[in-house]
Amino acid sequence: MTENRAKKAIIVGGGIGGLAAAATLRKVGLEVEIWERARELRAGATAVSFMCNAVSALHTLDIHLEEELAARGRVFESLDFRTRKGRLIRSMDFREFARKQDAPSFAVHRADLQAALLAAAGSDLRIELGAVATGFRVTDTGVQVDFTDGRQATGDLLIGADGFNSAIRKQVIGTEEVRDGGYVCWLATVPFEHPKFVPGFAAHYWGAGERFGLADIGNGRAYWWGTKNTAPGQPAGADVKAEVERVFAGWAPEVPEVIRRTPAESIVTVRAQDRPFRDTWGQGPVTLLGDAAHPMLVSLGQGAAMAVEDAVVLAQQLAAQPGVEPGLRGYEAVRIPRTQIMVEASYALSQVEQLEGPIKHRMRALYFKFTRESKFAEQNASVLLFPATEPAVLASVR
């Protein structure tokens, strides 16, 4: 990158991945524009786990979100796995991984994480809204993106961070089928108090073909999600809240109680889906990031973290490599092996978590209860420790 001007990155998508990329790319000297299809920068009504590996990755570029996330969300240090009645199966402690990286894990509302990333990207970040991308064209000087309303964006490189149904991915890879996880998810956030819902509370409750998650996301709010095995295409009932209450009736007392306190209109219903992993993310001055590159099921709680890791490595590689295309291909070479493991592990774990039948249900609980701690520690380390990469050259990318 020897031209005497800063390179300009066009980011399609203003979600967690797009905002993280804006923050990291600006940190290493790129000009950045975000083009977002929504008419306002909305974060949705749900929450995410923002794990210590993502926080640690941002540290490598001297980006620190801890103070803001601690004020907006909640640090959590462990995750309990419980039966549907609330009996403890096992607790997984994350403190050692946080200590090694000097980076805590957070449970945080999407809107709060979005606000923290937006602040890190800078108040002068250009964001174009209501911009529905139709495709891109590589030019002699870089890349051009076209939008349905006739607008165009031009830059030296294009980052497709436009989520599960990415228009940029479709042009790079072609039309694809989704991979169905076999279950439906219900999600919501709600103000909540309960004797068992102590600060930093995070628990997964396991039934047979059904699961429930409950987490403290700070400031008196709970994030909950529930799952139930259903066939693809099975129509949703007319009264979603009544269905959720029916599925989780008789579970640990805090479970039906948090559902009862949730307004029906606050419950989001989504189908559990990902896509088979692809090891081609880009061409020329174009690449993909986050869910556009590697959509995954939620079982590892790493969707947001993987998007942020992507953004960090992308900035590192663009800063260290001699040009745009070597930087993008270097980013892909680093990220593809790790994200492929995450996608497949998330899918495999979800199949275990959604097991039905009394024998399988019992065997799963016994496995998680009695497997030696060192095995889980090794597995968690592979997820929760951000892997070292070649040091970035933290100077302007030109």
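Q: Which side chains does Arg151 or Asp149 meet in a salt bridge?
A: The side chains of Arg151 and Asp149 meet each other in a salt bridge, at 2.8 Å from N to O, where a salt bridge is a side-chain nitrogen of Lys or Arg within 4 Å of a carboxyl oxygen of Asp or Glu. This is a predicted model, in which local features need pLDDT of at least 70 and side-chain atom pairs count only at pLDDT 80 or more, while totals for chains, interfaces and linings use all residues. Residues are numbered from 1 along each chain as its sequence is written, and side-chain values use heavy atoms, with hydrogens and water left out.

Q: How many salt bridges does the structure hold?
A: The structure holds 29 salt bridges. One of them joins Asp112 to Arg221, with the closest N and O atoms 3.0 Å apart. Asp112 lies in helix H5 (residues 110-121) and Arg221 in strand E16 (residues 221-229), so the pair ties together parts that are 109 residues apart in sequence; helices (H or I, at least four residues) and strands (E, at least two) are DSSP runs, numbered from the N terminus.

Q: What about the burial of Asp112?
A: Asp112 is buried, with a relative accessible area of 11%, and Arg221 is buried as well, at 19%.

Q: Switching topic, how many residues has the largest nonpolar core?
A: The largest nonpolar core has 100 residues, and those with the most contacts inside it are Ile11, Leu25, Phe50, Leu113, Val145 and Leu158. Such a core is a set of buried Ala, Val, Leu, Ile, Met, Phe, Trp, Tyr and Cys residues joined through side-chain atoms within 4.5 Å.

Q: And which helix gives the most to this core?
A: Helix H9 (residues 303-320) gives the most, with eleven residues. Apart from this core lies another, of 22 residues, among them Ala188, Val190, Phe201 and Val258.

Q: Last one: what is the strand order in the open sheet of three strands?
A: The order is E9-E10-E11, with antiparallel pairing, where two strands pair if DSSP finds at least two bridges between them. Strands E9 (133-138) and E11 (152-155) are the edge strands, each pairing on one side only. Four bridges join strand E10 (residues 143-147) to E11, and the bridge partner of Val143 in E11 is Gly155.

Methods:
Buried means under 20% relative accessible area, exposed over 50%, partly exposed in between (1.4 Å probe, protein chains only).
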